[in-house]
Amino acid sequence: MQLNFRRQGQGRPVMLIHGLFGSLDNLNGLAKALAEQFDVIAVDVRNHGLSPRDEQMGYAAMAGDILALAEQLELERPALVGHSMGGKIAMMAAALAPTDVHALVVADIAPVAYTQARHDAVFRGLQAVAEAGCQNRKEADAVLAQHVALAGVRQFLLKSFLTDGDSPWRFNVPVLLAHYQAIMGWPGIPQPYEGPTLFIKGSESDYLLPEHQPLVRQQFPRAKARVIQDTGHWLHAEKPQMFNRLVRDFLTEAG
């Protein structure tokens, strides 16, 4: 599968992987900050953005997409940076091909299965927008607001709103819904990843918790952790300068 990507900068390669309902634009601020000293490749994962649609959303398949793109672009041992679902994709890719991944940054997600359904209201809102046949973002926002109270979440989702095509969304809602349990789950990795690894947590987020530490250490023995205060799950958007600095300093230290 040929993923859509955007490339900028020069130096050691770094691949950026967005989360659920996102696109490569989500980490654009980080991409610009890193491009001063790295060759940055931001991707749309399958069923998102301008990348191909597919019926599979397993982590092994999505990690395979990342590794295939790295091989296609002839990247020499790229570092991987992923947020949320993208962090799980990055973790799986590093574990599947540890000698091909130089370093790993995971933003506000743990290598665990989450049992709580966190996006039911979002899915209801996305489907309601499709059923309403909204013609513009203002109309779509009004429908979304009936299901998603937080304006910031709606703004994030509406970045992928389309006014033409078969679907109003630039992500594949039916497939994401069908595979939601697998996306929130975690199949485990075939072997620990021994490379340099940084986990970054938003202090107010409940995705990466102290009780996850044993599983993190078991799967990523060299893991370090940093916490960005007064931020939630969208830490890269809430405190971009701090987030970008932590990622840049870690990747620079990793060599």
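Visitor: Leaving aside neighbours within four places in sequence, which residues is asparagine 28 in contact with?
Guide: This is a predicted model: local features need pLDDT of at least 70, side-chain atom pairs count only at pLDDT 80 or more, and totals for chains, interfaces and linings use all residues. Residues are numbered from 1 along each chain as its sequence is written, and side-chain values use heavy atoms, without hydrogens and water. Contact means heavy atoms within 4.5 Å. With neighbours within four places set aside, asparagine 28 is in contact with Arg6 and Gln8.

Visitor: How far apart in space are asparagine 28 and alanine 42, C-alpha to C-alpha?
Guide: Asparagine 28 sits in helix 1 (residues 28-34). Helices (H or I, at least four residues) and strands (E, at least two) are DSSP runs, numbered from the N terminus. In sequence, asparagine 28 and alanine 42 are 14 residues apart; in space, C-alpha to C-alpha, the separation is 7.9 Å.

Visitor: At what angle do the axes of helix 2 and helix 3 cross?
Guide: Axes are lines fitted to C-alpha atoms, for helices over the stretch in contact, and angles run from 0 to 180 degrees between N-to-C directions. Helix 2 covers residues 59-72 and helix 3 covers residues 85-96. Their axes come within 8 Å and cross at roughly 75°.
Visitor: Is helix 2 then roughly parallel or roughly perpendicular to helix 3?
Guide: Angles under 35 degrees count as roughly parallel, over 145 as roughly antiparallel, 65 to 115 as roughly perpendicular and the rest as oblique. The axes cross at roughly 75°. Therefore helix 2 is, relative to helix 3, roughly perpendicular.

Visitor: How many charged residues does the contact of helix 2 with helix 3 have?
Guide: Helix 2 brings Tyr59, Ala60, Met62, Ala63, Ile66 and Leu67; helix 3 brings Met85, Lys88, Ile89, Met92, Ala93 and Leu96. Ala, Val, Leu, Ile, Met, Phe, Trp, Tyr, Cys and Pro count as nonpolar, Asp, Glu, Lys and Arg as charged, and the others, Gly among them, as polar. The contact has 11 nonpolar residues, no polar ones, and a charged count of 1.

Visitor: Is aspartate 65 buried or exposed?
Guide: Aspartate 65 lies in helix 2. Not counting residues up to four places away in sequence, aspartate 65 touches Met1, Leu3 and Arg46. Buried means under 20% relative accessible area, exposed over 50%, partly exposed in between (1.4 Å probe, protein chains only). Aspartate 65 has 5% relative accessibility, so it counts as buried.

Visitor: Is glutamate 74 buried or exposed?
Guide: Glutamate 74 is in the loop between helix 2 and strand 4 (79-83). Its phi is positive, about 60°, although it is not a glycine. Its relative accessibility is 70%, so glutamate 74 counts as exposed.

Visitor: Which helix gives the most to the lining of the largest pocket?
Guide: A pocket is an open set of points on a 1 Å grid over the protein atoms alone, where a 1.4 Å probe fits, with protein on both sides within 12 Å along at least five of seven lines; lining residues have an atom within 4 Å of a point. The largest pocket is lined by 29 residues, with Arg118, His119, Val122, Tyr207 and Trp234 nearest its centre. Helix 3, helix 4 (120-132), helix 6 (151-158) and helix 8 (180-184) each give two or more. The top contributor, with 3 residues, is helix 6.

Visitor: How many residues does helix 6 give to the lining of the second largest pocket?
Guide: Of the 17 lining residues, Asn26, Lys159, Trp234, His236 and Ala237 are closest to the centre of this pocket. Helix 6 gives the most to this lining, and its count is 4.
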